[in-house]
Amino acid sequence: SAEKSTNAQVSVFDIQGIRVSRLNVPVLRGYNSVSLSSLHLANGKYVLHVEMDGVRLQKVISIGNVGK
């Protein structure tokens, strides 16, 4: 949850560490969401980095039926 309105930088890296996308996203105070569907990522695992007001978050995400 964002404490104030600001901008966030969202980067998506493939599992080899190559950045495949970077977005600047306006963030409103409260809860926000970002759709990655327009990035046309191939099925696989990616690392999502979000940076906002000096805070960095990182999460591994899966696109498609990875591991099935």
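User: What share of the residues of the protein counts as buried?
Analyst: Of the 68 residues, 29% count as buried. Keep in mind that this is a predicted model.

User: Noted. How many helices and strands are there in the protein?
Analyst: Zero helices and four strands. From the N terminus on, the order of elements is β-β-β-β. The C-alpha atoms fill a box of roughly 40 × 20 × 15 Å along the principal axes.

User: What is the order of the strands in the sheet?
Analyst: The order is β2-β1-β3-β4, in an open sheet with antiparallel pairing. β2 (19-27) and β4 (55-63) are the edge strands, each pairing on one side only. On average, neighbouring strands are turned by 20° against each other, direction ignored.

User: How many bridges join β1 to β2?
Analyst: Eight, and the two strands run antiparallel. β1 covers residues 6-14. For a landmark, take N7: P26 is its bridge partner in β2.

User: And how many join β3 to β4?
Analyst: Nine bridges, again in an antiparallel pair. V47 has V60 as its bridge partner in β4. β3 and β4 form a hairpin, with two residues between them.

User: Which residue in that turn has a positive phi?
Analyst: D53, at about 50°. Most residues other than glycine have a negative phi. D53 is a residue other than glycine, yet its phi is positive.

User: Is D53 buried, exposed or partly exposed, and why?
Analyst: Partly exposed, because its relative accessible area is 49%, and exposed would need over 50%.

User: What about G54, buried or exposed?
Analyst: G54 is in the loop between β3 and β4. G54 is exposed, with a relative accessible area of 66%.

User: How far apart are the C-alpha atoms of G54 and A8?
Analyst: They are separated by 9.7 Å, while the two residues are 46 apart along the chain. On contacts in general: among those between residues at least 6 apart in sequence, 40% join residues at least 24 apart.

User: Back to phi. What is the phi of H40?
Analyst: Positive, about 55°, although H40 is not a glycine. H40 is in the loop between β2 and β3. H40 is also exposed, at 71% relative accessible area.

User: Now S21. Where is it?
Analyst: In strand β2.

User: Why does S21 count as buried?
Analyst: Because its relative accessibility is 11%, and buried means under 20%.

User: Which residues does S21 touch?
Analyst: V10, S11, V12 and L39, leaving aside residues up to four places away in sequence.

User: New topic: pockets. What is the volume of the largest pocket?
Analyst: About 460 Å³.

User: How many residues line the largest pocket, and which lie nearest its centre?
Analyst: The lining has 21 residues. V27, N32, V50, M52 and L57 lie nearest the centre.

User: Which strands supply at least two residues of the lining?
Analyst: β1, β2, β3 (44-52) and β4 each do.

Key:
Residues are numbered from 1 along each chain as its sequence is written. This is a predicted model: local features need pLDDT of at least 70, side-chain atom pairs count only at pLDDT 80 or more; totals for chains, interfaces and linings use all residues. Side-chain values use heavy atoms; hydrogens and water are left out. Two strands pair if DSSP finds at least two bridges between them. Axes are lines fitted to C-alpha atoms, for helices over the stretch in contact, and angles run from 0 to 180 degrees between N-to-C directions. Buried means under 20% relative accessible area, exposed over 50%, partly exposed in between (1.4 Å probe, protein chains only). Contact means heavy atoms within 4.5 Å. On a 1 Å grid over the protein atoms alone, a cavity is a set of points where a 1.4 Å probe fits but cannot get out, and a pocket is an open set with protein on both sides within 12 Å along at least five of seven lines; lining residues have an atom within 4 Å of a point. Grid points are joined across faces, edges and corners, and a volume is the space filled by probe spheres set on the points.
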